[in-house]
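Please look over the fold below before reading on. The report then goes from the whole chain to single residues.

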Amino acid sequence: MSIPTVKAKLLEGRKGLIVGIANDRSIAWGCARAFRALGADLAVTYLNDKAKPHVEPLAHELDTPIFLPLDMAVPGQIETVFERIGETWGELDFLVHSIAFSPRDTLGGRVTDAPREGFLTTMEISCWSFIRMAQLAEPLMKNGGTLFTMTYYGSQVVVENYNIMGVAKAALESAVRYMAAELGPKGIRVHAISPGALATRAASGIPEFDALLEKTKLKAPAHELVDIDDVGMATAFLAHDAARLITGQVLYVDGGYHIVD
């Protein structure tokens, strides 16, 4: 799939932050392309100086007025991003959080053996970072808005080699429900998007991931893998006013994989 040519700019005038673009295979890039195609203005972050050369050309394609580093391990960077949004736009309509991390020794081992520091790092980057972003976004969403994060089926069932990340994603999905309840009275919706297995850079850290891709394709009723544009368009729909009473959901964009035993 590719982003379709859209005549009606359904999100024109809306302003959003995209966190998690690493390259042109990132889920966050698929979301950014979709939101931009529908007319939204975007702020984009990159992880660090090493990542910047891969992300900057993509940010130029999006005509973004805000392009800043954001590494959750660097104190103050997340606050700087939201301060800049406040100074430049004064408001925010949506946020796409598409970051997760676990140290290799923690991700590659049993959940039972997870070291304390590795567990805390996994939870901080993969779950708490979304909570913190929601906290900073709330005062900017003066007329309501939508908060998105990315999850995976391994939060609900045991997926071989997903290990501690499944624990983190389960916590993330629970946070989505609680924040949806808390922020709903302000017109702020909160969703977790659960794509099927995708060949992204982040996924390359999961052992035997190629085998998981093949299994996904065979098992899914659609018998095909989703791509980043599929995820992007589904996410962008939920940011539109037509979805204003949909909140607290885990939306599976996986060709039906999750419904088959």
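## Terms and overall shape

Two strands pair if DSSP finds at least two bridges between them. Helices and strands are DSSP runs, numbered from the N terminus. The model is predicted.

The protein chain holds eight helices and seven strands. Its C-alpha atoms fill a box of roughly 45 × 40 × 40 Å along the principal axes. A compact globule of 261 residues would have a radius of gyration near 18 Å; the protein chain has 17 Å, which agrees. Of its 261 residues, 52% count as buried. Take the contacts between residues at least 6 apart in sequence: 75% of them join residues at least 24 apart.

Alanine 43 has isoleucine 66 of strand 3 as its bridge partner.

## Strand 4 and its partners

Strand 4 covers residues 94–97. Strand 1 (residues 15–19) runs parallel to strand 4, and four bridges join them. Here glycine 16 has phenylalanine 94 of strand 4 as its bridge partner. Strand 4 also pairs with strand 5 in the parallel sense, again over four bridges. The bridge partner of valine 96 in strand 5 is phenylalanine 148.

In a regular strand the side chains alternate between the two faces of the sheet. Which residues of strand 4 lie on each side? Phe94 and Val96 are on one side, Leu95 and His97 on the other. All four are buried, and both faces of the strand are covered.

At 1.5 Å a residue, the 20 residues of helix 6 should span 28 Å. Its end C-alpha atoms are 28 Å apart, which agrees.

An α-helix has 3.6 residues a turn, so residues three or four places apart point the same way. The buried residues of helix 6 include Ala168, Leu172, Ala175, Val176, Met179 and Leu183. Also buried are Lys169 and Glu173. What covers the buried residues of helix 6 includes helix 4 (104–107) and helix 5 (116–137), along with strand 5, strand 6 and strand 7.

Serine 155 is buried, with a relative accessible area of 12%. Its side chain joins that of glutamate 173 in a polar contact of 2.5 Å. Beyond its neighbours within four places in sequence, serine 155 is in contact with Gly166, Lys169, Ala170 and Glu173.

Most residues other than glycine have a negative phi. Asparagine 161 has a positive phi of about 75° although it is not a glycine. Asparagine 163 likewise has a positive phi, near 50°. Buried or partly exposed: how does asparagine 161 count? The cut-off for buried is under 20% relative accessible area. At 18%, asparagine 161 counts as buried. Asparagine 163, at 24%, is partly exposed.

Helix 1 spans residues 27–37. Nine of its eleven residues are buried, so the helix is largely enclosed by the rest of the structure. Among them are Trp29, Cys31 and Phe35. Just after helix 1, glycine 39 takes a positive phi of about 100°.

Leucine 198 sits in the loop between strand 6 and helix 7 (209–219). Leucine 198 is buried, with a relative accessible area of 10%. Isoleucine 228 is 30 residues from leucine 198 along the chain, yet their C-alpha atoms are separated by 7.8 Å.

Methods
Residues numbered from 1 in each chain as written. Predicted model: local features only at pLDDT ≥ 70, side-chain atom pairs only at ≥ 80, totals over all residues. Heavy atoms only, no water. Helix = DSSP H or I, 4+ residues; strand = E, 2+ residues; numbered from the N terminus. Expected span 1.5 Å × (residues − 1). Buried < 20%, exposed > 50% of the residue type's maximum accessible area, 1.4 Å probe, protein only. Contact = heavy atoms within 4.5 Å. Polar contact = N/O pair within 3.5 Å; in protein donor to acceptor, adjacent residues only side chain to side chain. Rg over C-alpha atoms; globule rule 2.2 N^0.38 Å.
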